[in-house]
Amino acid sequence: MTPNDPRTALLPERDIHKTPVMECRALGIDFGGLTAVDDFNITVAPTEIAGLIGPNGAGKTTIFNLLTKVYKPTRGAMFLNGKNTKKMNTIKANQAGIARTFQNIRLFKEMTVLENVLVGLHNEMNYNLLSSVLRFPEYWRSERIAKGRALELLSIFNMQDDASMKAGALPYGSQRRLEIVRALATNPCILLLDEPAAGMNHSETDELMENIRKIRDMFQIAILLIEHDMNLVMGICEGIAVINYGKLIAKGTPKDIQNNPVVIEAYLGKELGNADSH
């Protein structure tokens, strides 16, 4: 079986009899005459922490854009909890349970920390437009519940005391954490993290690893992350997919990937060398 064969999916034992939260089958996209991603197959279990790695320009963020329906695939299919997502747009995909963060932080920097999280809670708001305009009791009740929920989510990262600060005034690492909290507020079944450790020092990265595990255990969701920090990837991911030039070249456990000569030649040797030099 080849690395991009869906039958090579490695699922954690605890999820082995459950429907995969996400499954991609022969997913591909062309831009004009250029093939950016081709024959991409991956299966993510309901509570798995999985990694997607590869050199810069390999197509990782393009894959995230396909998974979140920013791009429509040229071919192939993606399933979320067994349901084909072909007719979903970005909003519908988010409502169905796909949440993401971005390589370049995308917060509402002039809004407060609390307001940023409240934006993420829009999927759970129960009042209608008339109630919000006329401020009916159900509006205030929903707002009160949402504020409590937002503070509860902020407390995961010990950020509740920053609720009234402007998001743009937070330190870089805290902005990264806030973006994760806002994504969690949409009540996802799978959380896509695009280089969550970018710009973080060693202690912040170690804390991030613990928080990712905590999120998985607390919310019982899957996490798929793109990351160049190999210490984080090898330390936290249960399954890893490696992509190069838009194609999967390997899938397996961290140990499998570390010992794969194709991966070492294409990517990992350089990255591990860089990690050792820090």
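**Exercise 1.** How many of the five residues of E7 are buried?

*Solution.* The model is predicted. Apply the cut-off: buried means under 20% relative accessible area. Five of the five residues of E7 are buried, and the strand is mostly covered. Ile 190, Leu 192 and Asp 194 are buried on one side. Leu 191 and Leu 193 are buried on the other. Both faces of E7 are therefore covered, given the cut-off of under 20%.

**Exercise 2.** Compare the span of helix H7 with the expected value.

*Solution.* H7 covers residues 202-219, which is 18 residues. From first C-alpha to last it reaches 26 Å. At 1.5 Å a residue, 26 Å is expected, and the span is close to that. Just after H7, Gln 220 takes a positive phi of about 55°.

**Exercise 3.** Which residues of H7 are buried, and what covers them?

*Solution.* List the buried residues: Thr 205, Leu 208, Met 209, Asn 211, Ile 212, Ile 215 and Arg 216. Their cover includes strands E3 (49-53), E7 (190-194) and E8 (222-226). Helices H6 (172-184) and H8 (230-236) also contribute.

**Exercise 4.** What handedness has the β-α-β unit of E7, H7 and E8?

*Solution.* Follow the path from E7 over H7 to E8. The unit is right-handed.

Key. Residues are numbered from 1 along each chain as its sequence is written. This is a predicted model: local features need pLDDT of at least 70, side-chain atom pairs count only at pLDDT 80 or more; totals for chains, interfaces and linings use all residues. Side-chain values use heavy atoms; hydrogens and water are left out. Helices (H or I, at least four residues) and strands (E, at least two) are DSSP runs, numbered from the N terminus. The expected span of a helix is 1.5 Å times one less than its number of residues. Buried means under 20% relative accessible area, exposed over 50%, partly exposed in between (1.4 Å probe, protein chains only). Contact means heavy atoms within 4.5 Å. A crossover is right-handed if, with the strands pointing away from the viewer, the path from the first strand over the helix to the second runs clockwise.
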